[in-house]
Amino acid sequence: MSLLTAAARIAEEAEFDPDTVSPGVAGFIAFAALGIGIILLGFNLVRRLRRNSYRAEVREQIEQELAAQNGAVGTEAADPQAPVQPGRAEPDEPGTEPGGSRTEPGAESRS
């Protein structure tokens, strides 16, 4: 006899009282633990979101201060960590114009 058939036979023989069926103390503890865990995760999420928004505000303030120091108030401040877009030259490269592309001397443009 397999374990499944033995369990089915015991279940058929046992009296079933629908009034006494409950998850018991173990079920209450498991449900309470899940509830507490969800609440703690919610607090952690709010804390991380708030910290991230504060960092973004500080980053914007720093960019505005740098732009004001460079005399470029109202223009987009260059982010030193941003990737260089194709077709845009770095402003520090010699022989290039801002927004232009660098070509080698004597090279023909391919249009």
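## The helix α2

Helix α2 covers residues 24–69, a run of 46 residues. From its first C-alpha to its last, helix α2 reaches 68 Å, close to the 68 Å expected at 1.5 Å a residue. The model described here is predicted.

Just after helix α2 comes G71, whose phi is positive, at about 80 degrees.

## The chain as a whole

The chain contains 2 helices and 0 strands. Of its 111 residues, buried ones make up 3%.

## A nonpolar surface patch

Four side chains may be viewed together here: I36, I39, L40 and F43 form a nonpolar patch on the surface. Together these residues have about 450 Å² of accessible area. One of them, I36, lies in helix α2.

## A positive surface patch

The relative accessible area of R51 is 33%. R51 therefore counts as partly exposed, because this class lies between the limit for buried residues, under 20%, and that for exposed residues, over 50%.

Key: Residues numbered from 1 in each chain as written. Predicted model: local features only at pLDDT ≥ 70, side-chain atom pairs only at ≥ 80, totals over all residues. Heavy atoms only, no water. Helix = DSSP H or I, 4+ residues; strand = E, 2+ residues; numbered from the N terminus. Buried < 20%, exposed > 50% of the residue type's maximum accessible area, 1.4 Å probe, protein only. Expected span 1.5 Å × (residues − 1). Patch = residues over 30% accessible without salt bridge, like charges linked within 9 Å, V, L, I, M, F, W, Y side chains within 5 Å. Areas by Shrake-Rupley, 256 points an atom, 1.4 Å probe, with all protein chains shown as cover.
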